Amino acid sequence: MNNDWLIKNASVLGRQTADIAVENGVITAVGAGLTAPEGAEVLEAEGLIALPGLVDLHTHLREPGREDAETVLTGSRAAALGGYTAVCAMANTSPVADTAGVVEQVWRLGRDAGLVDVQPIGAVTVGLAGEQLAELGAMADSAARVRIFSDDGFCVADPKLMRRALEYVKAFDGIIAQHAEEPRLTQGAQMHEGDYSAQLGLAGWPAVAEEAIIARDCLLTGHVGSRLHVCHVSTAGSVEILRWAKTKEWRVTAEVCPHHLLLTDERATSYDPVNKVNPPLRTNADIEALRAALADGVIDIVATDHAPHTAEDKECEWAAARPGMLGLQTALSIVVKTMVEPGLLDWDGLAERMSRRPARIAGLEGHGLDPAPGVPANLTLVDPAANWTVVPNELASRSRNTPYAQMTLPATVRATFLRGEATVLEGKATK
């Protein structure tokens, strides 16, 4: 394993061109005309943009229990190829990650894979059932040091239980990450409630089902003084509620997924279940509001909600299909397409929303730090001029449920480094 490198002529954050020297996994110098440390490998990075390694706050790795859809290893490989150096693994595994034992298992699997840092997210309630708080303190004290808790896939719908969870995690500055969906408003829902659901005769998922929970939870967070993170925001109305909550200086953060920045509910007219996701694809007006909110900071970060599913769970009739899409290998390109190319963000702004802020929210030490002397060499090198075509069978995930099949996307990840170890070189995983 070589942790010594000289990365030459990279465009740091899309600004100045510089060399980056790495020794023992730590950046020792950033500047022009640097000399390679003895024994170091040299990587010519002219034309490439150097970013802090990306951080994903919302990944489903499926292990333990659904290794037929994904494993920690295959998901970690997909993450590294997407430019990530850290991912937060959601709790809806089998068994559910609602005890110290399960989160430690996931954490150790991530360490063994060695491609990205895998930080487990603990369940809020036992079995994701929404009835009884899980072992939040034990998970926080475990080797995995869990700080984010979520029943993602399900909403913590009971306001009393949600308040108790917010109060409990306040003791160790933890976060409740909420899947905002009032379940009584979405029973049987198959897609966004709107013109297309009416045309197709599919039960609709109304925007208000998301917005009502976000409003309630922002009020609870303000009352308790704890930390709330809103998962996969998808509507223009949610943006306005978050904008209001932030004027109160409550401790509320929010994420948007790449697919909600690009794809609309019109895609359901194909009846292809690859387009089925929760929350559902929305309208062009929602996309415009989400892009603007990500640009101006009302939405803090981009998170993938990488949700691998087997062919049996996805290649079936729409109503029976599981919701969810792959996201780790395509997220950077989708953000470039929807935010950088239109001029809504520059590369530094992308780094803020896909690396620095998510690392700060999750408290991931050593991640989300710009290249500088003394900083761990968690880096991504991106070719902004290269396009690539998404071929499902060529993705690293065990599953193939990408909505971007055969789509040509901008920007390719050429190299990823985790504490100086190359996990991706020349666009290919090293292990």
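Gln190, Met191, His192, Asp265, Ala268, Asn275, Lys276, Val277, Pro280, Leu281 and Trp318 line the largest cavity. Everything here comes from a predicted model, where local features need pLDDT of at least 70, side-chain atom pairs count only at pLDDT 80 or more, and totals for chains, interfaces and linings use all residues. Residues are numbered from 1 along each chain as its sequence is written, and side-chain values use heavy atoms, without hydrogens and water.

**Exercise 1.** Work out what classes of residue line the largest cavity.

*Solution.* Start with the term: a cavity is a set of points on a 1 Å grid over the protein atoms alone where a 1.4 Å probe fits but cannot get out, and lining residues have an atom within 4 Å of a point. Next, sort the lining: 6 nonpolar, 3 polar and 2 charged residues. Here Ala, Val, Leu, Ile, Met, Phe, Trp, Tyr, Cys and Pro are nonpolar, Asp, Glu, Lys and Arg charged, and the others, Gly among them, polar.

**Exercise 2.** Find how much of the chain is buried.

*Solution.* Buried means under 20% relative accessible area (1.4 Å probe, protein chains only). Of the 431 residues, 62% pass that test.

**Exercise 3.** Describe the open sheet S6-S7-S8.

*Solution.* First, strands are DSSP runs of E, at least two residues long, numbered from the N terminus, and two of them pair if DSSP finds at least two bridges between them. This sheet has 3 strands with parallel pairing. S6 (54-59) and S8 (117-120) are the edges: each has a single partner strand, so one side of each lacks a neighbour in the sheet. Finally, zoom in: 4 bridges join S6 to S7 (residues 84-89), and Leu54 sits opposite Tyr84 in S7.

Notes:
1 Å grid on protein atoms, 1.4 Å probe; cavity = no way out; pocket = protein on both sides within 12 Å on 5 of 7 lines; lining within 4 Å. Buried < 20%, exposed > 50% of the residue type's maximum accessible area, 1.4 Å probe, protein only.
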